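Biologist: I am new to this structure. Please pick one part and take me through it closely.

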Amino acid sequence: MNRYQQELEKRKKANLLRTLPTASDQIDFYSNDYLGFSRSDQLYKKIAEAYTEREPKRTGSTGSRLLSGNSIFAESIEKSIADYHRSDSSLVFSSGYNANVGLLSALGKRGITFISDELIHASMIDGIRLSHAEKLKFKHNDLEDLENKLSKTEGEKIVLVESVYSMDGDIAQLESILEICSRHKAKLIVDEAHAIGVFGQHGEGMCANYGIQNDVLATVVTFGKAMGVHGAAVLGKKWLKEYLVNFARSFIYSTAPSDHQLASIKCAYELNQESTGLRTNLLSTIDYFISKRSELSNLNWLNSNTQIQSLIIPGNDQVIAAANSLHGQGINILPIRSPSVPAGMERLRISLHSFNTRDEIDLLFSVIKKWNQKK
Ligand SMILES: Cc1ncc(COP(=O)(O)O)c(C=O)c1O
């Protein structure tokens with residue numbers, strides 16, 4: 001057995017092997033399709049039409065944006081994304097992972113310190129790793145600890161947060177964080193992957209909602225979650241876009257998004273603009289879930305007011321068993337195991353959607369209740 005196979009064996013023994021599940025038609029409490037865009041017939045048809053109308057016809061973009069892959073179409077979409085978020089500019093990346101890696105590896109020069117919330121997404125962590133910057137973490141959503149770390153750090157500082165945290169579902173206090181950053185002459189970058197589509201009057205995310213999008217150094221919006229398609233954009237000042245076009249390696253050395261991907265992003269934004277009703281539905285589904293949650297307050301729920309809810313069930317075997325009992329009742333929920341989360345914080349991560357019905361939520365709670373009584 002070679003060393004790689006040995007590592008796989010170790011994972012198998014610890015019940016931690018990652019495998020690829022096939023899509024399921026069970027009740028969806030697991031996907032990031034918060035507004036149901038990905039299953040929307042309307043969006044599917046809109047994209048097909050927009051793509052078919054494209055001239056000149058080409059399936060692939062044929063090269064990096066810096067070579068043969070640029071188009072007036074790509075530039076016009078970037079302009080409309082920037083306008084939507086009331087930001088000066090936007091630069092599209094093929095995914096959120098690539099956006100964060102490109103952004104942070106390009107900005108992280110020697111002499112800069114990234115100070116990140118301890119729960120930031122792996123794509124930001126990888127961007128930091130690829131940079132030449134120093135790195136520090138502050139305790140999750142703990143502004144005192146942030147202030148403490150900022151005051152002890154010399155030189156240029158960039159603080160990294162998510163507006164809605166992907167695992168805990170809680171919200172960053174962006175206005176206070178921004179105020180602390182400006183007192184310490186630090187810059188702020190906000191990943192809005194789980195906020196776009198859900199928060200803001202037109203689903204623009206939290207930064208535009210608070211009107212701080214031009215006070216932060218950059219905002220990252222991703223299109224694979226509530227927007228139901230694929231890709232991402234970095235929003236910021238015009239100089240930032242120019243800088244990334246010159247220094248973000250995941251942008252420079254990668255084939256540009258295809259016209260189909262661009263048409264999908266354009267149509268998803270159009271649908272997002274019209275989807276106030278879906279957002280209202282989702283927010284009232286969240287309220288309903290929270291009221292049901294309080295009936296089972298003896299369980300260890302994380303305190304989240306968003307579409308991401310977590311029930312802590314310590315132990316990998318235990319959390320897998322709980323997820324399996326839900327699957328047995330036709331409910332799809334992801335067990336999140338350690339080391340994806342710290343040991344002891346294993347959890348069921350429950351994603352709520354605008355299309356989840358009250359009956360589905362009632363069923364979910366009755367299965368959780370029964371599972372809890374039996375265990
Ligand atoms: C907070 C956050 N940022 C970035 C990403 C990466 O986005 P994408 O899936 O488009 O690569 C994710 C996806 O899981 C995420 O949760």
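Modeller: Start with a term: a polar contact is a pair of N or O atoms within 3.5 Å; within protein, one must be able to donate a hydrogen and the other to accept it, and residues adjacent in sequence count only if both atoms are side-chain atoms. The side chain of serine 87 makes one, reaching the backbone nitrogen of glycine 236 at 3.5 Å.

This is a predicted model, so local features need pLDDT of at least 70 and side-chain atom pairs pLDDT 80 or more, while totals for chains, interfaces and linings use all residues. Residues are numbered from 1 along each chain as its sequence is written, and side-chain values use heavy atoms, with hydrogens and water left out.

Stay with serine 87. It sits in the loop between helix 3 (72-84) and strand 2. Helices (H or I, at least four residues) and strands (E, at least two) are DSSP runs, numbered from the N terminus. Serine 87 has a relative accessible area of 7%, so it is buried (buried is under 20%, exposed over 50%, partly exposed in between, with a 1.4 Å probe and protein chains only). Beyond its neighbours within four places in sequence, serine 87 is in contact (heavy atoms within 4.5 Å) with Ala82, Gln213, Asn214, Leu235 and Gly236.

Look closely at strand 7. Five of its five residues are buried, so the rest of the structure largely encloses it. Ala218, Val220 and Thr222 lie on one side, Thr219 and Val221 on the other, and both faces are covered. Which way does strand 7 run beside strand 6, parallel or antiparallel? The two run parallel, joined by three bridges. Valine 190 has threonine 219 in strand 7 as its bridge partner. With strand 8, strand 7 pairs in the antiparallel sense over four bridges. There, valine 220 stands opposite valine 234 in strand 8.

Further along, strand 3 (residues 112-117) and strand 5 (residues 156-162) pair in the parallel sense over five bridges. Serine 116 has leucine 160 in strand 5 as its bridge partner.

The ligand comes next. It has 13 residues around it, and Gly96, Tyr97, Asp191, His194 and Lys225 come nearest (a residue is near if one of its heavy atoms lies within 4 Å). A backbone N or O atom of glycine 96 lies 2.8 Å from a ligand oxygen atom. Polar side-chain atoms also come up to ligand oxygen atoms: histidine 194 at 2.7 Å, and lysine 225 at 2.9 Å.

How values were computed:
Two strands pair if DSSP finds at least two bridges between them.
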